[in-house]
Amino acid sequence: MNEITFLAGRDSAVALLREGRRIGAQAPDAAAIEIEFREGQPQNNWVLPIIRQIVERPELAPGFCAVLSDYLTSSGGADPECFEDLSIADIVGAGNGAESEASHA
């Protein structure tokens, strides 16, 4: 494992968490998974470009995943069960989902 890429992955995860905190403070409903909370608007899928960066540069994954592994196991958050029964219609409405993918900040 290369220290430089590990730290770059770590930094990407920290940036992800900071952006999540910023969006959560400014417009939390914009990123809500259920369309009813977004008043029919497409989801602000702000995580997608960051994940694409990790997919395009897999050497960043160890540092990125190390931070998220710790964060997700220690910070709680929503219960995973609350997402299990959501349909695509619950998430993106009657559309095909393309607007959700394209709608990131």
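In this model, pLDDT stays under 50 over residues 96-105. pLDDT is the predictor's confidence in each residue, from 0 to 100. For residues 96-105, the model has 18 contacts beyond four places in sequence, a contact being heavy atoms within 4.5 Å. The model is predicted: local features need pLDDT of at least 70, side-chain atom pairs count only at pLDDT 80 or more, and totals for chains, interfaces and linings use all residues. Residues are numbered from 1 along each chain as its sequence is written, and side-chain values use heavy atoms, with hydrogens and water left out.

**Confidence**

- The chain has an average pLDDT of 82, and 77% of its residues score at least 70.
- Among the elements of the chain, helix α5 (residues 98-102) has the lowest mean pLDDT, 43.
- Helix α2 (residues 48-56) has the highest, 95.

**Overall build**

- The chain holds 5 helices and 0 strands. These are DSSP runs, numbered from the N terminus: helices are H or I with at least four residues, strands are E with at least two.
- Along the sequence, the pattern reads α-α-α-α-α.
- Of the 105 residues, 25% count as buried. Buried means under 20% relative accessible area, exposed means over 50%, and partly exposed lies in between (1.4 Å probe, protein chains only).
- Among contacts with a separation of 6 or more, 71% join residues 24 or more positions apart.
- The accessible surface of the chain is about 7,000 Å², with 55% of that belonging to carbon and sulfur atoms. The areas come from the Shrake-Rupley method with a 1.4 Å probe; for residues, only the protein chains shown count as cover.

**The nonpolar core**

- The largest nonpolar core has 10 residues: Ala13, Leu16, Ile23, Trp46, Ile50, Ile54, Leu60, Phe64, Val67 and Leu68.
- Helices α1 (3-26), α2 and α3 (61-74) each give two or more residues to this core.
- Such a core is a set of buried Ala, Val, Leu, Ile, Met, Phe, Trp, Tyr and Cys residues joined through side-chain atoms within 4.5 Å.
- Val67 is in contact with Arg10, Ala13 and Leu17, leaving aside its neighbours within four places in sequence.

- Leu48, Ile50 and Ile54 are the buried residues of α2.
- Seen down the axis of α2, these buried residues fall within an arc of 160°, so they line one face of the helix. The arc is that of the directions from the helix axis to the C-beta atoms.
- Val55 and Glu56 are exposed on the other side of α2.
- An α-helix has 3.6 residues a turn, so residues three or four places apart point the same way.

**Residues to find in the view**

- Thr5 lies in helix α1. Thr5 counts as buried because its relative accessibility is 17%.
- Beyond its neighbours within four places in sequence, Thr5 is in contact with Glu59 and Leu60.
- Arg38 lies in the loop between α1 and α2. Arg38 counts as buried, at 5% relative accessibility.
- A polar atom of the Arg38 side chain lies 2.6 Å from the backbone oxygen of Ala32.
- Glu39 is also found in the loop between α1 and α2. At 73% relative accessibility, Glu39 counts as exposed.
- Glu39 has a phi near 50°, a positive value in a residue other than glycine.
- Ser87 sits in the loop between α3 and α4 (88-92). Ser87 is partly exposed, with a relative accessible area of 32%.
- Ser87 and Glu34 are 53 residues apart in sequence, and their C-alpha atoms are 9.2 Å apart in space.

How values were computed: A polar contact is a pair of N or O atoms within 3.5 Å; within protein, one must be able to donate a hydrogen and the other to accept it, and residues adjacent in sequence count only if both atoms are side-chain atoms.
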